[in-house]
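Thanks for coming, everyone. I'll walk through one structure, sheet by sheet and contact by contact. Please keep the display open.

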Amino acid sequence: MSMGVPAPRFTDPAVFGRVAVLMGGDSSEREVSLDSGRNVLAALRARGVDAHPVDGVQALAEAVVAKQFDRVFNIMHGGAGENGVVQGLLQALGVPFTGAGVLGSALTLDKIRTKQVWLSLNLPPPRYVRLPHGVDAATVRDAARSLGLPVIVKPSCEGSSVGVSRVLDEAGLDDAVALAARYPGELLMEQMVVGDELTVGILGDLALPSIRIVPRGEWYDYNAKYIAEDTQYLCPGLDGEDELRIRALALEAFRAAGCSGWGRVDVMRSRATGAPYLLEVNTAPGMTSHSLVPKAAGQLGIGFEELCWRILEQTVPGGGAA
């Protein structure tokens, strides 16, 4: 492989046995997960892997208890797929799976607690305020004033730009809180970092080239992420030492949050100072035509089918986290 990327460890798909591709589920990201799952399933089958679709936790539990699968490729975004539930089930039953384990999955689906861990290690998230469900308007305004507008308001435990608002003035606060409160868990109000939005994919011990996201509109919302065809993705997103630093920071943040295997770390970089701010970790990133980890892997000569193979390799002993 080019650019110091080690060769795949296996060539024979029989090493994986029968593989469940876990997708769908009942989170707000169900449709995106089904899209990702279809892509992963096709890629593994194209490489000769005996892979089969499984939709949701109940179907998975029944299948693994019946010993129908040897390992699981988890591409169920959000909810039980990323909050430690699936990971705990599979770990208890001794079935290897892709991605982070129980701790990393549970921690990083909660954006607030991830930030608390990073802060304890002097890793830099934006300034933020926790807001309980049912928070009163006066408390919301006090929080916004303490951070300084503009701010971002989002649910603490949802992914994929779900329930997220940019708030430029106090008049927009009530609607933003009402939107975020449609989802379970605490709310998060965060200082809005004006600058470049970057994401760094992680594959084992390798931080992939960063991607700088340049939406046609003002910001990278759900539409820009999954639907629009005019969002630009610049890879690598930075140059020289800046690029090396952001990759190193992303890998450190990923490990600090108890994660392993593969994932993605989202970072903002201040236009004024160049300082990076860690936003969140995604432990089952998208694998759709718009997704960022495949774009970054492609920069290193790792095509989509090979990326799926390499992620699955991590479930075989000696190949990283299971």
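Strand S1, residues 18-23, pairs with S2 in the parallel sense, over six bridges. This is a predicted model, where local features need pLDDT of at least 70, side-chain atom pairs count only at pLDDT 80 or more, and totals for chains, interfaces and linings use all residues. Residues are numbered from 1 along each chain as its sequence is written, and side-chain values use heavy atoms, with hydrogens and water left out.

Two terms first. Strands pair if DSSP finds at least two bridges between them. Helices (H or I, at least four residues) and strands (E, at least two) are DSSP runs, numbered from the N terminus.

Back to S1 and S2. Val19 stands opposite Ala51 in S2. Val21 stands opposite Pro53 in S2. The open sheet here has three strands, ordered S2-S1-S3, with parallel pairing. S2 (50-55) and S3 (71-74) are at the edges with a single partner strand each, so one side of each has no neighbour in the sheet. From one strand to the next, the twist averages 30°. Angles run from 0 to 180 degrees between N-to-C directions, and axes are lines fitted to C-alpha atoms, for helices over the stretch in contact.

Is S1 enclosed or open? Five of its six residues are buried, so S1 is largely enclosed by the rest of the structure. Buried means under 20% relative accessible area, exposed over 50%, partly exposed in between, with a 1.4 Å probe and protein chains only.

Now helix H2, residues 57-65. Leu60, Ala61, Ala63 and Val64 are buried there. The buried residues of H2 pack against S1, S2, S3 and helix H4 (85-93). After H2 comes Lys67, with a positive phi near 60°.

How do H2 and H4 pack? Their angle is about 5°, with axes 11 Å apart. H2 and H4 are therefore roughly parallel to each other. The cut-offs: under 35 degrees is roughly parallel, over 145 roughly antiparallel, 65 to 115 roughly perpendicular, and the rest oblique. On the H2 side, the contact uses Val57, Leu60, Ala61, Val64 and Val65; on the H4 side, Val86, Leu89, Leu90 and Leu93. Contact means heavy atoms within 4.5 Å. By class, the residues of this contact are nine nonpolar, no polar and no charged. Nonpolar covers Ala, Val, Leu, Ile, Met, Phe, Trp, Tyr, Cys and Pro; charged covers Asp, Glu, Lys and Arg; the others, Gly among them, are polar.

Compare another helix pair. H1 (residues 30-46) and H12 (residues 304-313) pack at about 90°, with axes 9 Å apart. H1 and H12 are therefore roughly perpendicular to each other. H1 brings Asn39, Val40, Ala43, Leu44 and Ala46, and H12 brings Phe304, Glu305, Cys308, Trp309 and Leu312. That contact has eight nonpolar, one polar and one charged residues.

On to the cores. A nonpolar core is a set of buried Ala, Val, Leu, Ile, Met, Phe, Trp, Tyr and Cys residues joined through side-chain atoms within 4.5 Å. Which residues touch the most other members of the largest nonpolar core? They are Val21, Leu44 and Phe73, out of 32 residues. S1, H1, strand S10 (211-214), helix H11 (292-299) and H12 each give two or more residues to this core. Take Leu44. Beyond its neighbours within four places in sequence, Leu44 contacts Val21, Val49, Ala51, Phe73, Cys308, Trp309 and Leu312. A separate core has 21 residues, among them Leu107, Leu123, Cys259 and Leu278.

Next sheet. Four strands form an open sheet, S4-S7-S5-S6, with antiparallel pairing. S4 (128-131) and S6 (165-167) are the edge strands, each pairing on one side only. Here the twist averages 20° from one strand to the next. S5 (residues 151-155) and S6 run antiparallel, joined by three bridges. Val153 stands opposite Ser165 in S6.

Last, strand S12, residues 262-270. Nine of its nine residues are buried. S12 runs antiparallel to S8 (residues 195-203), with nine bridges. Leu198 has Val267 in S12 as its bridge partner. S12 also pairs with S13 (residues 276-282), antiparallel, over six bridges. Asp266 has Glu280 in S13 as its bridge partner. S12 and S13 form a hairpin with five residues between them, and Gly274 in the turn has a positive phi of about 80°.
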